[in-house]
Amino acid sequence: MSYKSDIEIAREAQKRPIQEIGSKLGIPSEHLLPYGHDKAKVSQDFINSVQKNDDGKLILVTAINPTPAGEGKTTTTVGLGDGLNRIGKKAAICIREASLGPCFGMKGGAAGGGYAQVVPMEEMNLHFTGDFHAITSAHNLLAAMIDNHIYWGNALEIDERRVAWRRVMDMNDRALRDIVTSLGGVSNGFPRQTGFDITVASEVMAILCLATDLEDLQKRLGDIIVAYRRDKTPIYCR
C-alpha cells in the first residue's frame, strides 16, 4: 500500500477563497490584503479595532524535536486546530513563516505534513508574501551604507575592525559564514573580515516581531548598534 506524499496531498487540496476564510474568522474582506486567491495579510486598522475585545484562549504547542515518526510542532498544531474546529470551536492557528534555510536543509518544510498541513504548501515554504525578502533587503541596505560611509570619509570615525553589522541571506550557505569583502582595488572600499548570517537571525527580524507599532519599530531600528569607534564608544543606526 502506497501513501501520498505531502506535496501530492497539498496539490490535491480544495482551497477556499481567502475572503471566505476571513469571513469565518470575522475579518471583513476590506481588511484583507490579498496575495493571490489563497493568501492575505490583515490590515493594521482591523488589528487596532479588536484590541479591546476579550482575549481568547491560547494553546502553546512546543517540543525539543520531532518523534521518530516525524510528527513535529507544526503538524501537531495544524491537527489540533482542525480538531477544535471540527467540534465547533472557533480556532485559528498561528505559526512562524518558513525560512528557505531549513526548508532546503535537513529539517525540511515548515507547513506541517500529511493531512495536517497548511496550503498552499510550496508558496508558504518558499517566498510566501515576501516579508523575508524585505527584511533581507533592509538589513543589507544598512550594511552597504556602513561600508559606503567608511569609503566616503568615515565622518563617524568607525573602527573598521569593530563593524558589528554583518550581512544576511535567507539560505544555508556554509561558504559565506566568514568572508573578506571589498577586494579588487581602491574603488571597492577597504577590505575587512565579515560574513553572512541567515535572515531569521537578523536583528531587523527580531525588531519586526517585537515592535508594537510603526513608531516603536522606528525607535528600535534606530537603537541598533552597527559598529564601534576606536575608543569603543557605540555607533547607532540612527
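Which residues is I158 in contact with, leaving aside its neighbours within four places in sequence? Here are some notes that start from there; please keep in mind that this is a predicted model.

1. To take I158 itself: apart from neighbours within four places in sequence, I158 is in contact with I146, H149, I150, V163, A227, Y228 and I235. Two of those partners, I146 and V163, turn up again in the next point.

2. The largest nonpolar core has 16 residues, and the ones that touch the most other members are I146, I158, V163, W165 and V226. At least two residues of this core come from each of α7, α8 and β9 (225–228). The biggest contribution is from α7, which gives six residues. As background, nonpolar side chains tend to be buried together in soluble globular proteins.

3. Next, the helix pair α7 and α8. Helix α7 (residues 131–151) and helix α8 (residues 203–210) have axes that come within 9 Å and cross at roughly 125°, so α7 is oblique to α8. Their crossing is right-handed. On the α7 side the contact involves F132, I135 and H139, which meet V204, M205 and L208 of α8. By type, that contact comprises five nonpolar residues, one polar and no charged.

4. V204, I207, L208 and L210 of α8 make the contact with D216, L217, R220 and L221 of α9. Here the residues divide into six nonpolar, no polar and two charged.

5. P120 sits in the loop between β4 (116–117) and α6 (121–125).

6. Two positive phi values are also worth a look. F128, although not a glycine, has a phi of about 50°, and F128 lies in the loop between α6 and α7. With a relative accessible area of 33%, F128 is partly exposed. S182, likewise a residue other than glycine, has a phi near 65° and is found in the loop between β6 (179–181) and β7 (192–194). S182 counts as buried because its relative accessibility is 18%, under the 20% cut-off.

Key
Residues are numbered from 1 along each chain as its sequence is written. This is a predicted model: local features need pLDDT of at least 70, side-chain atom pairs count only at pLDDT 80 or more; totals for chains, interfaces and linings use all residues. Side-chain values use heavy atoms; hydrogens and water are left out. Axes are lines fitted to C-alpha atoms, for helices over the stretch in contact, and angles run from 0 to 180 degrees between N-to-C directions. Helices (H or I, at least four residues) and strands (E, at least two) are DSSP runs, numbered from the N terminus. Angles under 35 degrees count as roughly parallel, over 145 as roughly antiparallel, 65 to 115 as roughly perpendicular and the rest as oblique. A crossing is left-handed if the near helix is turned anticlockwise from the far one by less than a right angle, and right-handed if clockwise. Contact means heavy atoms within 4.5 Å. Ala, Val, Leu, Ile, Met, Phe, Trp, Tyr, Cys and Pro count as nonpolar, Asp, Glu, Lys and Arg as charged, and the others, Gly among them, as polar. A nonpolar core is a set of buried Ala, Val, Leu, Ile, Met, Phe, Trp, Tyr and Cys residues joined through side-chain atoms within 4.5 Å. Buried means under 20% relative accessible area, exposed over 50%, partly exposed in between (1.4 Å probe, protein chains only).
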